[in-house]
Structure formats: structure tokens, C-alpha cells
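Reader: I am new to this structure and would like to go through it step by step. Could you please show it first?

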Amino acid sequence: MSFAEAVTYRDAQPVTLVWIDAREAVIVTWADDEAHVQRVAGALPPHERSIGHIRIDPAVRHGGGLRQDKLDHRRAHREHQYLEAVAGHIPAEGPVEVIGSGELRLHLARLLREGRPNRAGPVTTEAARPLTEAQLIARVRELAGHPAPRQVPQL
């Protein structure tokens, strides 16, 4: 189901657009004929890379360091806290579109669909490049069915 098909009751409930990445989430809600913008800082650690075994002394047995799943476990815990914080700023009613350039948008959409039993309204997701705040506001206006008025230049 596309977002346009999901917005059938747009005048009664707010429409929310969320752009998310590991550094920040921008939540734009269109309600009462105006946009409300909120930002949530992410500060997620980068994905750790396994560099494999580096043998310095051939007489020393290999091993040591943290296991790869331990490193990812810490990031997963912080990611869950971040997604919960973002979800706490999203209204419980109305349609939500989650956009972003990575997998966090998919995790947030899943959290909103499955982890919020009192959530009323569809949740859709789409890949998107980083957008400015003005572009996000224009997009949520379009989604809500209130396109920005176009100004015709005076001659």
C-alpha cells in the first residue's frame, strides 16, 4: 500500500514524516495546517569491523579481544534506545512515513508497526537521500494534501 492510498482521513488526524539516520532523526508532523518539527540526536557508534587475526609473535596462540557479536550487541542496545526515543515523539494516531538512507528506517517502521499496539494509522517506508528541513516540510505538506501555494512572479 502506498502512502497516498493510506492517507484517506488526512484532515482529521496528523500526518507525520520521519527522516532518520544514525546521527539524527527529524520528525515533521503536519497538524492544524502547520508543520511541527522535532529533532532527536542519535549518536550511535559506527559499525565495528572485524579485522581478523593479527599475528605478532608466532609463539603466541591466537585469540583475544572482544567477540564480534559483543561489539554489535552494544550498538544494537544503543540503536534500540535511539529508536524508542524517536518513536516517543511520533503521534499515536495518523499515518507515518519513515524515510532515510539506511536500515534504521526499516527498524523504526517495524517498531512502530509491531512494538506499538496502541498505534492507529498506517506506517510506510521509503529510501531517500538526506533532505533539508524545508524539503521535509514541503514533502509532509504534499502527503497531507496541502501543497504549498505557488507564487506567480509579478510583471
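Reader: Which residues does R119 touch, not counting residues up to four places away in sequence?

Author: R119 touches P91, A92, E93, G94, P95, V96 and L112, with those sequence neighbours left out. Contact here means heavy atoms within 4.5 Å. This is a predicted model, in which local features need pLDDT of at least 70 and side-chain atom pairs count only at pLDDT 80 or more, while totals for chains, interfaces and linings use all residues. Residues are numbered from 1 along each chain as its sequence is written, and side-chain values use heavy atoms, with hydrogens and water left out.

Reader: Where is the place of R119?

Author: R119 sits in the loop between α3 and β5. Helices (H or I, at least four residues) and strands (E, at least two) are DSSP runs, numbered from the N terminus.

Reader: Which backbone oxygen lies 2.6 Å from a polar atom of the R119 side chain?

Author: It is the backbone oxygen of G94. The backbone oxygen of A92 lies 2.8 Å from a polar atom of the R119 side chain.

Reader: Let us turn to helix α3. Which of its residues are buried?

Author: Helix α3 spans residues 104–114, and its buried residues are L104, R105, L108, A109, L111 and L112. They cover an arc of only 160° around the axis, so they are on the same side of α3. The arc is that of the directions from the helix axis to the C-beta atoms.

Reader: Why do residues three or four places apart in an α-helix point the same way?

Author: An α-helix has 3.6 residues a turn, so residues with that spacing point the same way.

Reader: What does the side chain of R105 make a polar contact with?

Author: The partner is the side chain of T125, at 3.0 Å. A polar contact is a pair of N or O atoms within 3.5 Å; within protein, one must be able to donate a hydrogen and the other to accept it, and residues adjacent in sequence count only if both atoms are side-chain atoms. R105 is buried yet has no salt bridge, and the nearest side chain of opposite charge, E126, is 8.3 Å away. Not counting residues up to four places away in sequence, R105 touches I20, V98, I99, G100, T125, E126 and A127.

Reader: V98 is in that list. What stands opposite V98 in β5?

Author: T125 stands opposite V98 there. Strand β4 and strand β5 (residues 123–127) pair in the parallel sense over five bridges. Two strands pair if DSSP finds at least two bridges between them. Strand β1 (residues 15–20) and β4 also pair in the parallel sense, over four bridges, and V98 is the bridge partner of V18.

Reader: How many residues of strand β4 are buried?

Author: Five of the five residues of β4 (residues 96–100) are buried, so the strand is largely enclosed by the rest of the structure. V96, V98 and G100 point one way, and E97 and I99 the other way.

Reader: Which residue does E97 meet in a salt bridge?

Author: E97 meets R139, at 3.5 Å from N to O. R139 lies in helix α4 (residues 133–144) and E97 in strand β4, so the pair ties together parts that are 42 residues apart in sequence. E126 also forms a salt bridge with R139, the closest N and O atoms being 3.3 Å apart. E126 is in strand β5, 13 residues from R139.

Reader: How many salt bridges does the structure hold?

Author: The structure holds five. Among them is the one between D21 and R23 (3.8 Å, N to O). D21 counts as buried at 13% relative accessibility, whereas R23 counts as exposed at 68%.

Reader: And the whole protein: how many helices and strands are there?

Author: There are four helices and five strands, in the pattern α-β-β-β-α-β-α-β-α along the sequence. Of the 155 residues, 33% count as buried.

Methods:
Buried means under 20% relative accessible area, exposed over 50%, partly exposed in between (1.4 Å probe, protein chains only). Lys and Arg count as positive and Asp and Glu as negative; His and the chain ends are not counted. A salt bridge is a side-chain nitrogen of Lys or Arg within 4 Å of a carboxyl oxygen of Asp or Glu.
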